[in-house]
Amino acid sequence: MQPGFDSLRERLLRAGIAPRRVHRYLAELREHLADLTERERASGLDPRQAGERAMSLLGGDAELAKAMIDKGCGRSLAARAPWAVFVMSPLFLLVAALALNSMLMFRLLWPMQGLTPGEMPESYRALIDLSGVITNYLLGAVLSLGCIAVALRQRLESGWVWLGLGLIAVLTGLLGFHVHEYPAVPGHKAAVSYSLAEVIYWHERASLAASLGVGALRAVVLFSVAGIAYHMVRLRLVPDRR
Amino acid sequence: MPREPNPNFMAGVPELMILRLLQDREMYGYELVQAIKTESADVISFGEGVVYPVLHGLEDDGAVTSRRKLVDGRSRVYYTLTAKGERRYRQLADTWSSLAQAIQSVLKGSRYATGL
């Protein structure tokens, strides 16, 4: 066993023990090892012998890992219920973010009723643009990053991770936040509207096929980038799974 | 000489001994292991680090609580017995006492010795 307990850490994480619990266990083992080494030194052993004797008294990797794993305590939620962490949580966060954004937009756009798009203050326009960038581009990336971080931190090799990344890509690709400004044309009023899906115009008409196509393209790009990043980092962290 | 851990038979013993020792005062892991070794005259033997999963399990069950304390410049996690832990100790102690009596009785062979 290495003094830093690296191999024990890997064993425990791969067995689904929560990183926080692993951290605490290793901290306590290090403190215990320091006490043992100090005692062995006091008994007259040289530093190397004292260290080896202390490690032997502390227990081997297999014994220490088995004790924690068999105890069944400290298993992470991601190991116990990966569907909740990688599917339900992103879904919930996405809905919450869109709901929050909708409330914000409703509050912002309510006083704009009756104004033509040109009359909208610049600060409002900037805020709306920022909100659009966040929900349309950053939200999916942030959720994917969170999903990957949890999976890597806990050394998870679950298909749920890929399912989660796929779900995030599809939902954030298709859903989004858009403010449409309709200038005043003869027979119609000027208007500002808000929608949860990107409306693509094809030959001056809103096209569902084009909207779905753009959404699908965004989903594919996000899933590909996130998937490649996850795969590459995972290979570095868990080289024997190559 | 290499240490030989006791077999699976010992499952539950560290927990019982930890709860008993924590009845007297709060202790940290290393202290607990040394106390177990001293009290049992080194008969009960296990990898010393194994005590921590037992302590964590007891804490999860509410039988003990922990707090980090700085003593003599060293930071240590001290464990304290709770009322729930006290009740658990009594249950475990009763079970082990009954078991020990039953084993003693079998080892003495008093019931069947006269029939031989």
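Colleague: Before the details, how are residues and chains numbered and lettered, and what confidence do local features need?
Modeller: Residues are numbered from 1 along each chain as its sequence is written, and chains are lettered from A and ligands numbered from 1 in the order in which they are written. The model is predicted, and local features need pLDDT of at least 70, side-chain atom pairs count only at pLDDT 80 or more, and totals for chains, interfaces and linings use all residues.

Colleague: What are the ipTM and pTM?
Modeller: The model scores ipTM 0.80 and pTM 0.76.

Colleague: And what is the mean pLDDT of chain B?
Modeller: The mean for chain B is 84, and 84% of its residues reach 70 or more; pLDDT is the predictor's confidence in each residue, from 0 to 100.

Colleague: Where in chain B is confidence lowest, and where is it highest?
Modeller: Confidence is lowest in helix H5 (residues 110–113) of chain B, with a mean of 58, and highest in S1(B), at 94. Helices (H or I, at least four residues) and strands (E, at least two) are DSSP runs, numbered from the N terminus.

Colleague: How many helices and strands does chain B have?
Modeller: Chain B has 5 helices and 3 strands, and along the sequence they follow the pattern α-β-α-α-β-β-α-α.

Colleague: In what order do the strands lie in the sheet?
Modeller: The sheet is open, with 3 strands in the order S1-S3-S2 (chain B) and antiparallel pairing. Two strands pair if DSSP finds at least two bridges between them. Strand S1 (27–28) and strand S2 (64–71) of chain B each have a single partner strand and stand at the edges, so one side of each is left without a neighbour in the sheet.

Colleague: How many bridges join S2(B) to S3(B)?
Modeller: There are 8 bridges between S2(B) and S3(B), which run antiparallel. B:Val64 stands opposite B:Leu81 in S3(B), and B:Thr65 is opposite B:Thr80 in S3(B). These two strands form a hairpin with 2 residues between them, and B:Asp72 in the turn has a positive phi of about 50°.

Colleague: What about S1(B) and S3(B): over how many bridges do they pair?
Modeller: S1(B) pairs with strand S3 (residues 74–81) of chain B over 2 bridges in the antiparallel sense. B:Tyr28 has B:Tyr78 in S3(B) as its bridge partner.

Colleague: Which strands does helix H1 of chain B touch?
Modeller: Helix H1 (residues 13–22) of chain B packs on the sheet and touches S1, S2 and S3 of chain B, and its direction makes about 95° with that of S3(B). Helix H3 (residues 51–60) of chain B also packs on the sheet, touching S2 and S3 of chain B, at about 125° to the direction of S2(B). Axes are lines fitted to C-alpha atoms, for helices over the stretch in contact, and angles run from 0 to 180 degrees between N-to-C directions.

Colleague: Changing topic, how many residues of chain A are in contact with chain B?
Modeller: 19 residues of chain A are in contact with 14 residues of chain B; two residues are in contact if their C-beta atoms, placed from the backbone, lie within 7 Å.

Colleague: Which element gives the most to that side of chain A?
Modeller: H2(A) gives the most to the side of chain A that touches chain B, with 7 residues. The residues of that side divide into 8 nonpolar, 5 polar and 6 charged. Here Ala, Val, Leu, Ile, Met, Phe, Trp, Tyr, Cys and Pro count as nonpolar, Asp, Glu, Lys and Arg as charged, and the others, Gly among them, as polar.

Colleague: Lastly, why does A:Tyr230 count as buried?
Modeller: A:Tyr230 counts as buried because it has 20 C-beta neighbours inside 10 Å. A residue is buried if 20 or more other C-beta atoms lie within 10 Å of its own, exposed if 12 or fewer, and partly exposed in between, with C-beta atoms placed from the backbone. A:Tyr230 is in helix H9 (residues 208–237) of chain A.
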